[in-house]
Amino acid sequence: ILLTQIPLNSACEYVEKILGSLDQAECTEYANIVHLYEEHNGSIKKISEELFIHKNTLQYKINKLCEITGYDMRKLHDFAVLRTAFQFKKMI
């Protein structure tokens, strides 16, 4: 309910600020990782099993997202920022 009350131009600006450095394929991949991170309560083992990748590969991808965006999804505040950005991206 709250997210739908944000003006579209503000949501677009937020997405651009947080995810602007990601291309479409990266956005799709990282949105899925963020979703699974929430679904599996941060369990790297469960996420990597579901994605059929080695846990070190998943750690690399999480670190890469942090390098690109400046937000580390393993920190609660940063996770909230990323989750919100990906949710807006999905709505737009």
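Here come some questions and answers about this predicted model.

Q: How do H1 and H5 lie relative to each other: parallel, antiparallel, perpendicular or oblique?
A: Start with the numbers: H1 (residues 8–19) and H5 (residues 76–91) pack at an angle of about 125°, and their axes are 9 Å apart. Angles from 65 to 115 degrees count as roughly perpendicular and those over 145 as roughly antiparallel, with the rest, apart from those under 35, called oblique. An angle of about 125° therefore makes H1 and H5 oblique.

Q: What is the handedness of the H1 and H5 crossing?
A: Those two helices pack with their axes 9 Å apart. Their crossing is left-handed.

Q: What kind of aromatic pair do tyrosine 14 and phenylalanine 88 form?
A: The structure holds two aromatic pairs. In the pair of tyrosine 14 and phenylalanine 88, the rings are 5.6 Å centre to centre, with 80° between the planes. Planes over 60 degrees apart count as edge-to-face, so with 80° this pair is edge-to-face.

Q: How many residues apart are tyrosine 14 and phenylalanine 88?
A: Look at where each one sits: tyrosine 14 is in helix H1 and phenylalanine 88 is in helix H5. The pair links distant parts of the chain, and the separation is 74 residues.

Q: Is the pair of tyrosine 37 and phenylalanine 79 stacked, edge-to-face or tilted?
A: The ring centres of tyrosine 37 and phenylalanine 79 are 5.7 Å apart, and the planes are at 35°. Under 30 degrees would count as stacked and over 60 as edge-to-face. At 35°, then, the pair is tilted.

Q: Which helices hold tyrosine 37 and phenylalanine 79?
A: Tyrosine 37 is buried, at a relative accessible area of 14%, and phenylalanine 79 is buried too, at 12%. These residues are 42 apart and link distant parts of the chain. Tyrosine 37 belongs to H2 (residues 24–39) and phenylalanine 79 to H5.

Q: How many charged residues does the contact of H2 with H5 have?
A: The axes of H2 and H5 are 10 Å apart and the angle is about 125°, which makes H2 oblique to H5. Gln24, Cys27, Tyr30, Ala31, Val34, Tyr37 and Glu38 of H2 meet Phe79, Arg83, Phe86 and Lys89 of H5. By class that gives seven nonpolar residues, one polar, and for charged, three.

Q: Is serine 48 buried or exposed?
A: Serine 48 is found in helix H3 (residues 44–51). Leaving out residues up to four places away in sequence, serine 48 touches Ile53, His54, Lys55 and Leu58. The relative accessible area is 5% and the cut-off is under 20%, so serine 48 is buried.

Q: Where is asparagine 41, with its positive phi near 55°?
A: Asparagine 41 is a residue other than glycine, yet phi is positive here. With a relative accessible area of 74%, asparagine 41 is exposed. The place of asparagine 41 is the loop between H2 and H3.

Q: What is phi of phenylalanine 52 near?
A: Phenylalanine 52 is found in the loop between H3 and helix H4 (55–69). At 75% relative accessibility, phenylalanine 52 counts as exposed. Phi is again positive in a residue other than glycine, near 60°.

How values were computed
Residues numbered from 1 in each chain as written. Predicted model: local features only at pLDDT ≥ 70, side-chain atom pairs only at ≥ 80, totals over all residues. Heavy atoms only, no water. Axes fitted to C-alpha atoms, helices over the stretch in contact; angles between N-to-C directions. Helix = DSSP H or I, 4+ residues; strand = E, 2+ residues; numbered from the N terminus. Left-handed = near helix turned anticlockwise from the far one by under 90°. Buried < 20%, exposed > 50% of the residue type's maximum accessible area, 1.4 Å probe, protein only. Contact = heavy atoms within 4.5 Å. Phe/Tyr/Trp six-rings, centres within 6.5 Å; stacked < 30°, edge-to-face > 60°. Nonpolar A, V, L, I, M, F, W, Y, C, P; charged D, E, K, R; others polar.
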